[in-house]
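Here is a short briefing to read alongside the coordinates.

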Amino acid sequence: MANISVNIAGLQMKTPVMTASGTFGYGLEFADLVNLEDIGAVIVKGTTLNPREGNDYPRMAETPQGMLNCVGLQNKGVDYFCQHIYPQIKDIRTNMIVNVSGSCPEDYAECAARINELDNIPAIELNISCPNVRQGGMAFGVTTEGASQVVKAVRKAYSKTLIVKLSPNVTSIADIARSVEDAGADAVSLINTLMGMSIDIERRKPRLSIKTGGLSGPAIRPVAVRCVYQVAKAVGIPVIGLGGIMTAEDAIEFFMAGASAIEIGTGNFIDPAISVKVADGISNWLDSHRCSDLKEIIGVIE
Amino acid sequence: MKQCKDLLVAAVEYPSPGYVLLRLTDTEPLGEILGGQFVEIRVDGSPSTFLRRPISVNYVDTQRNELHLLIHVVGEGTRSLSQLRAGDRLNVLFPLGNGFTRGRAGEKVLLVGGGVGIAPLLEYGRQLCEAGAQPQFLLGGRSRDNMLMLDRFEALGKVYVTTEDGSMGEQGFVTQHSLLQKPDFDRISVCGPKPMMMAVAKYSKEHCIRCEVSLENMMACGLGACLCCVEKTVKGNVCVCKQGPVFDVQELNW
């Protein structure tokens with residue numbers, strides 16, 4: 001059996017497959033359907049300093065090989081997470097990572113500082129790329145200055161592994177990646193959703209309440225592979241790839257493009273056990289291609 | 001306990017044009033499924049269908065270990081499901097959601113259904129009978145052709161019908177049925193088009209009768225993870241797939 005365990009900036013993972021924020025709840029929702037401890041890492045729902053109600057319904061539209069969403073970071077706030085959710089997930093024996101979002105650098109830093117106190121949360125993923133909130137979110141992720149400012153603020157407040165999730169809705173994702181690396185990020189994950197829109201032509205209305213949303217699913221995979229390739233060439237820190245991964249073969253593309261680990265998001269809605277099946281498939285693929293370690297194929301594309 | 005597995009299509013029936021009834025089974029017991037719960041079906045082989053399709057549980061045949069789904073063919077996904085044949089396999093995530101309030105011996109429950117919304121009321125009616133409660137059914141449709149499975153409902157309790165064109169039962173909407181003028185039931189459970197459910201909810205509030213409704217907001221995961229199917233309630237936005245699909249009307253901002 002090929003070795004598929006990886007170490008991402010100090011984060012030791014049994015498999016290189018993580019579940020993406022916002023698609024896997026707090027893990028507990030899937031506990032009947034998949035053994036959570038067989039997943040490399042679970043990234044829980046985006047958490048903000050203060051509670052957020054999110055956007056109005058409808059928040060989702062199915063599109064060719066994908067879906068649009070405009071959930072808008074609905075969550076009960078970091079204090080609720082620490083008091084009520086954390087006790088339920090702290091003993092799950094895998095890496096439980098919190099996705100952190102905010103509307104100003106101070107909020108991001110304060111939220112990260114509170115999570116820093118939680119012993120069994122080994123990392124955070126900083127969301128500077130949410131397309132569905134008016135203030136903050138993606139606004140920070142689309143300029144090198146904005147991205148750098150948030151990451152610097154959080155770096156001062158947070159001592160463990162800091163992953164920064166990048167937006168593809170930019171001119172040069174490599175430039176943004178370099179700026180967050182310089183600001184102190186330990187790893188980057190990409191891509192967040194692509195901004196999209198869909199219209200109900202009979203009703204002559206957008207299909208989402210706030211008109212636009214984030215596109216995910218296999219439809220965005222080639223864009224994601226391209227972004228991972230460009231970023232892996234530009235930075236020295238590990239790159240975590242995501243965007244429409246449904247099979248082990250999809251994941252292999254990301255590894256070859258330069259990703260050291262991957263996340264699965266929308267795929268969890270189609271198959272709740274996909275994260276474990278893809279990990280098994282990666283191992284089988286490596287065996288059948290006479291590779292003894294996943295590292296042999298990471299970044300092989302020149 | 002939720003499961004996600006390939007079930008065997010034991011039989012496919014066509015109760016009326018535009019509707020298909022799938023009878024699914026498995027070698028292992030299907031487990032407890034509550035009336036009003038639903039399943040999410042993976043639709044294979046349809047290029048335009050990506051997400052699973054939520055379908056209410058129509059009937060559970062415990063002796064045959066069968067799960068029945070009554071499906072209204074409205075789009076590509078349901079069309080693809082209507083082409084299934086006995087012997088095919090279907091990947092199903094179930095059981096999902098909370099289900100209707102469990103019955104108590106002796107209570108009289110009015111089950112109101114419209115269109116394909118009648119589907120979950122059959123299993124719920126069966127479970128009410130099993131609990132010693134007395135269900136009665138008020139079913140509405142556009143015309144006689146939309147009234148499905150009436151004999152199955154009649155086996156469980158008294159059935160009242162309204163059709164918009166008057167081709168069967170009383171003419172009009174369910175809320176206009178004479179049965180509602182002298183209410184003789186302890187509570188109401190409703191599943192159907194939203195305007196119908198809102199009208200019944202209004203009636204129930206006016207008459208101080210407890211009423212629950214089953215919502216069908218568009219959803220993705222079915223597990224309370226993606227937060228796409230939210231409904232505004234007195235407790236804020238909650239997931240229809242997990243906290244629902246059945247809600248007491250007092251909880252909703254209707």
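The points below take up a domain interface and then a helix.

This is a predicted model. In chain B, the domain assignment gives three ranges: domain 1 (3-96), domain 2 (108-214) and domain 3 (217-254). In chain A, helix H5 spans residues 173-182.

**Domain 1 against domain 2, chain B**

- The C-alpha centres of domain 1 of chain B and domain 2 of chain B are 24 Å apart.
- Domain 1 of chain B puts 16 residues into the contact, and domain 2 of chain B puts in 13 residues.
- Together, domain 1 and domain 2 of chain B bury about 1300 Å², with 60% of that area on carbon and sulfur atoms.
- Three strands of chain B each give two or more residues to the domain 1 side: S2 (19-25), S5 (59-61) and S6 (66-72).
- Seven residue pairs are in polar contact between domain 1 and domain 2 of chain B, both residues at pLDDT 80 or more.
- The domain 1 side of chain B that touches domain 2 has nine nonpolar and seven polar residues, and no charged residues.

**Helix H5, chain A**

- Buried residues in H5(A) are Ile173(A), Ala174(A), Ile176(A), Ala177(A), Ser179(A) and Val180(A).
- The cover over the buried residues of H5(A) includes helices H3 (138-141), H4 (144-157) and H6 (221-234) of chain A.
- Strands S9 (161-165) and S10 (187-190) of chain A are also included in that cover.
- Gly184(A) follows H5(A) and has a positive phi, near 115 degrees.

Key: Residues are numbered from 1 along each chain as its sequence is written. Chains are lettered from A and ligands numbered from 1 in the order in which they are written. This is a predicted model: local features need pLDDT of at least 70, side-chain atom pairs count only at pLDDT 80 or more; totals for chains, interfaces and linings use all residues. Side-chain values use heavy atoms; hydrogens and water are left out. Buried means under 20% relative accessible area, exposed over 50%, partly exposed in between (1.4 Å probe, protein chains only). Helices (H or I, at least four residues) and strands (E, at least two) are DSSP runs, numbered from the N terminus. Contact means heavy atoms within 4.5 Å. Domain bounds come from an automatic or database domain assignment. Buried area is the accessible area (1.4 Å probe) that two parts lose on being put together, summed over both. A polar contact is a pair of N or O atoms within 3.5 Å; within protein, one must be able to donate a hydrogen and the other to accept it, and residues adjacent in sequence count only if both atoms are side-chain atoms. Ala, Val, Leu, Ile, Met, Phe, Trp, Tyr, Cys and Pro count as nonpolar, Asp, Glu, Lys and Arg as charged, and the others, Gly among them, as polar.
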